[in-house]
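Dear colleague,

I am passing on the structure below, followed by some notes on its elements and a few residues. Please read them with the model open beside you.

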Amino acid sequence: MTQVPDVPLGGLYGDAILDHYRSPRHRAPVSAPDVQAEEYNPFCGDRVSLALKLDPNGRVVEVGADSEGCSIIQAAASMMAESLQGQDLDQAAALSGLFNDMMRGNSLSPAQEEGLGDLKALTVVRAYPVRIKCALLPWTALEVGLERYRTSRAPDQ
């Protein structure tokens with residue numbers, strides 16, 4: 001299991017998290033998205049709207065991740081959007097699973113941890129269990145959007 005650093009609350013906002021919170025990436029709307037979903041947490045007011053545009057080969061060529069709420073959801077949505085750029089849908093789903101595993105404290109191999117890139121900065125959120133849902137909400141939107149997309153493209157049976 002990956003260790004959670006013993007960090008005071010002020011340490012929750014590391015450089016990468018603050019950077020993505022202050023300068024969120026990929027907030028612009030995506031015209032005619034192929035994948036879209038919106039998730040809302042009524043308990044805290046966090047909201048995220050996700051839109052993905054795919055190329056003919058199914059790779060993400062444009063991401064729109066607009067969020068409202070705490071700094072963690074805003075940073076997580078921005079970091080997720082950056083990590084999805086250029087991925088195909090299977091890679092996006094695998095990254096979502098990996099991020100969920102990390103946030104739930106499951107053991108990751110060094111290669112898996114490296115594959116998370118900047119998303120590893122959100123590991124510190126695990127020290128504050130009430131904030132884990134903030135970091136996971138954008139990924140929930142991704143999973144919902146991917147499921148809707150795949151269902152809409154499945155041949156009628």
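Helices (H or I, at least four residues) and strands (E, at least two) are DSSP runs, numbered from the N terminus, and the expected span of a helix is 1.5 Å times one less than its number of residues. This is a predicted model, in which local features need pLDDT of at least 70 and side-chain atom pairs count only at pLDDT 80 or more, while totals for chains, interfaces and linings use all residues. Residues are numbered from 1 along each chain as its sequence is written, and side-chain values use heavy atoms, with hydrogens and water left out.

I begin with helix α3, residues 89–103, which has 15 residues and reaches 21 Å from its first C-alpha to its last, close to the 21 Å expected at 1.5 Å a residue. At the start of α3, a side-chain oxygen of D88 comes to within 3.0 Å of the backbone nitrogen of D90; this is a polar contact, meaning a pair of N or O atoms within 3.5 Å, where within protein one must be able to donate a hydrogen and the other to accept it, and residues adjacent in sequence count only if both atoms are side-chain atoms. Just after α3, G105 takes a positive phi of about 85°. With buried meaning under 20% relative accessible area, exposed over 50% and partly exposed in between (1.4 Å probe, protein chains only), the buried residues of α3 are L89, A92, L95, S96, L98, F99, N100, M102 and M103. What covers these buried residues includes β2 (47–54), α2 (71–84), α4 (110–115) and α5 (132–153).

Turning to the sheet, three strands form an open sheet in the order β1-β2-β3, with antiparallel pairing, where two strands pair if DSSP finds at least two bridges between them. The edge strands are β1 and β3 (60–68), each of which pairs on one side only. β1 and β2 pair in the antiparallel sense over six bridges, and in their hairpin, which has six residues between the strands, G45 takes a positive phi near 90°. The covered face of β1 holds V35, A37 and E39, whereas its uncovered face holds Q36, E38 and Y40.

Which residue of β2 is the bridge partner of Y40? The partner is R47, and this residue counts as buried because its relative accessibility is 13%. Leaving aside its neighbours within four places in sequence, R47 is in contact (heavy atoms within 4.5 Å) with E38, E39, Y40, D66, S67, E68, I73 and L137.

P24 is found in the loop between α1 (15–22) and β1 (35–40), and it counts as partly exposed because its relative accessible area is 28%. The C-alpha atoms of P24 and A75 are separated by 6.8 Å, although these residues lie 51 residues apart along the chain. Q85, for its part, is in the loop between α2 and α3 and is partly exposed, at 31% relative accessibility. Q85 and C70 are 15 residues apart in sequence and 24 Å apart in space, C-alpha to C-alpha. Leaving aside its neighbours within four places in sequence, Q85 is in contact with H26, V60, V61, E62 and V63.
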